[in-house]
Amino acid sequence: MVKNVSVVEKIHSANDQLAAEIRQRLDSVSVFSINIMASPGAGKTSLIERTLQELTPLHEIAVIDGDVATSIDADRAAIAGATAVQINTGGQCHIDANMLRLAINELDLENFDLLLVENVGNLICPASFKLGTHKNILIASIPEGDDKPYKYPAMYQDVDALIINKIDLLPYVDFDMAYFKKGVQLLNPDLVTFPLSCRTGEGIQAWITWLTGLINNPKTA
Amino acid sequence: MHELAITEQIAKIAIKHGEKNKASQITDLYLVIGELSTVIDDSVQFYWDLITENTLCEGSKLHFKRIPAVFRCLDCSKEYHLVQGELTPCPHCKSSKMDILQGKEFHLDSINIL
Ligand SMILES: Nc1nc2c(ncn2[C@@H]2O[C@H](COP(=O)(O)OP(=O)(O)OP(=O)(O)O)[C@@H](O)[C@H]2O)c(=O)[nH]1
Ligand SMILES: [Mg+2]
Ligand SMILES: [Zn+2]
C-alpha cells in the first residue's frame, strides 16, 4: 500500500547547516570572510589581487579559490602575497559549504584576520549555496551588459555589496548605467555599490575603505 | 552540473525520511519550487534516475509544484507578478519598492512510500 509521508524539508538544509558551522568557526578565531561571486571573467581574481596589494601590509589574508579545474587563480593570489588554497570543484558550477569546509581545514585559521573566497564564475548556482561567509559580494562588469539584474534576479537579491568593474570600458560599450541601477534597485534597494576599475585603480579606494571598516568592526554595516 | 548537486541533496533527504518510516521503496517525491528559487527543469529527472540506482529511490518519479512569484508594492499595496520571467517596477504606480510574498520556496514537501 502506498503511503504519503510528509517531509517539508528545505533542499539546501544540509548545506545551510554546514554554512552555519563555518560561520561559527570563523567567528571563534575572528576571521572576517567574504564570498566573491560573478560571471566568468568579470574580474574576481583581479579584484582579489588589487585588494591584496592594498591590504597585505595591514592584514593577514587567506584566499580560497574555487575553480572547475585549474589552479591558475590560486597561483595568482599567492603571487600577490596571500596564503592561497585551491578548490577544484570537479565540474560543479559553484562552491558548496562542504567544499569550503575542507579548504578551510588546510589553513591555520587563527593566523588570519581576512578570508577571501573566489566562487566559481557563474551567475546562477552560487546564489543558492550559502557558505557561511560574513558578506556576499557580487561583481558585475561593464562588458557583460546592463540587463543582468533582470536576467539573474536571485543573484542580485541576496548579495550584501555590488562591485561594478571595468568602468574604464564605459566609453567603448553600450552600457546604460541608469537602466542597470534601476534593476538593482528593484531587487536590492539601497545595495552598497562600488563602481571601479581593477585595471586603472579608479574607485578601488572606496571598496578598500568599506572592507577595512568591516574587518576591524564586523558588527557595523 | 547544478542539477547533479541538487538531486543529490534531494535524494539524501528523501532516503532519510524513507528509512525513518521503514519504507521498502520510495515511489514519488513532491517538490515545491518557487519561481525565484533555483532553476530546475525536467532534465533533473534524467540525473535523478542515474543517481538513485540501487537506492530506496530507484525508479521513483519527481513531481514539481511550481509557485509563481508574487510581489507586493510597498507604496500602493497592490500585488503583481513577473512579466515574461522578468521583474518590473509596480505596474500600478511604477514604484520599485516591494516585498516578495512568495516565489523563493525550494523544499521537499512529501514522499510516497511502499
Ligand atoms: N579593461 C579592464 N579589464 C579588466 C578589469 N578587471 C579585470 N580585467 C580583465 O578581465 C579578464 C578577466 O579577469 P579575471 O580577474 O581573471 O576574472 P575572473 O572573474 O577571476 O575570471 P574567472 O575566474 O575565469 O571566472 C582579465 O583579462 C583581466 O585583465 C578592468 O577593470 N578593466
Ligand atoms: Mg578568477
Ligand atoms: Zn504600486
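Student: Is A:A127 buried, partly exposed or exposed?
Tutor: A:A127 is partly exposed, with a relative accessible area of 23%. Buried means under 20% relative accessible area, exposed over 50%, and partly exposed in between, using a 1.4 Å probe and protein chains only. One caution on the source: this is a predicted model, where local features need pLDDT of at least 70 and side-chain atom pairs count only at pLDDT 80 or more, while totals for chains, interfaces and linings use all residues. Residues are numbered from 1 along each chain as its sequence is written, chains are lettered from A and ligands numbered from 1 in the order in which they are written, and side-chain values use heavy atoms, with hydrogens and water left out.

Student: Good to know. Where is A:A127 found, and what does A:A127 touch?
Tutor: A:A127 is in the loop between strand 5 (114-118) and strand 6 (135-141) of chain A. Helices (H or I, at least four residues) and strands (E, at least two) are DSSP runs numbered from the N terminus. Not counting residues up to four places away in sequence, A:A127 touches A:M37, A:A154 and A:M155, where contact means heavy atoms within 4.5 Å.

Student: On to metals. Which residues are the protein donors of the magnesium ion (ligand 2)?
Tutor: A:T45 (OG1), A:D73 (OD) and A:E118 (OE), lying 2.1 Å from the magnesium ion. Donors are N, O and S atoms within 2.8 Å of the metal (3.2 Å for Na, K and Ca); water is not among the atoms, so sites may look incomplete. Their spacing in sequence is T-x27-D-x44-E. A:T45 lies in helix 2 (residues 44-55) of chain A and A:E118 in strand 5 of chain A, so the pair ties together parts that are 73 residues apart in sequence.

Student: Are A:T45 and A:E118 buried or exposed?
Tutor: A:T45 is buried at 6% relative accessible area, and A:E118 is buried at 3%.

Student: And what are the donors of the zinc ion (ligand 3)?
Tutor: The zinc ion is held by the SG atoms of B:C73, B:C76, B:C90 and B:C93, lying 2.3 to 2.4 Å from it. The site is tetrahedral, with angles of 105 to 116° among the four donor atoms; four donors count as tetrahedral if all angles lie between 85 and 135 degrees. In sequence the donors run C-x2-C-x13-C-x2-C.

Student: How exposed are B:C76 and B:C93?
Tutor: B:C76 is partly exposed at 27% relative accessibility, and B:C93 is partly exposed at 34%.

Student: How do the strands of the open sheet in chain B line up?
Tutor: Three strands form that sheet in the order 4-3-5, with antiparallel pairing. Strand 4 and strand 5 of chain B stand at the edges with a single partner strand each, so one side of each is left without a neighbour in the sheet. Strands 3 and 5 of chain B pair over four bridges; two strands pair if DSSP finds at least two bridges between them. In that pairing, B:F71 stands opposite B:I100.

Student: Last one: how many salt bridges cross the interface of chain B and chain A?
Tutor: The rule finds two, a salt bridge being a side-chain nitrogen of Lys or Arg within 4 Å of a carboxyl oxygen of Asp or Glu. B:K104 also forms a salt bridge with A:D158, their closest N and O atoms being 3.7 Å apart. The contact takes 33 residues from chain B and 30 residues from chain A.

Technical notes:
Tetrahedral: all angles 85-135°; square planar, octahedral: opposite > 155°, others 65-115°.
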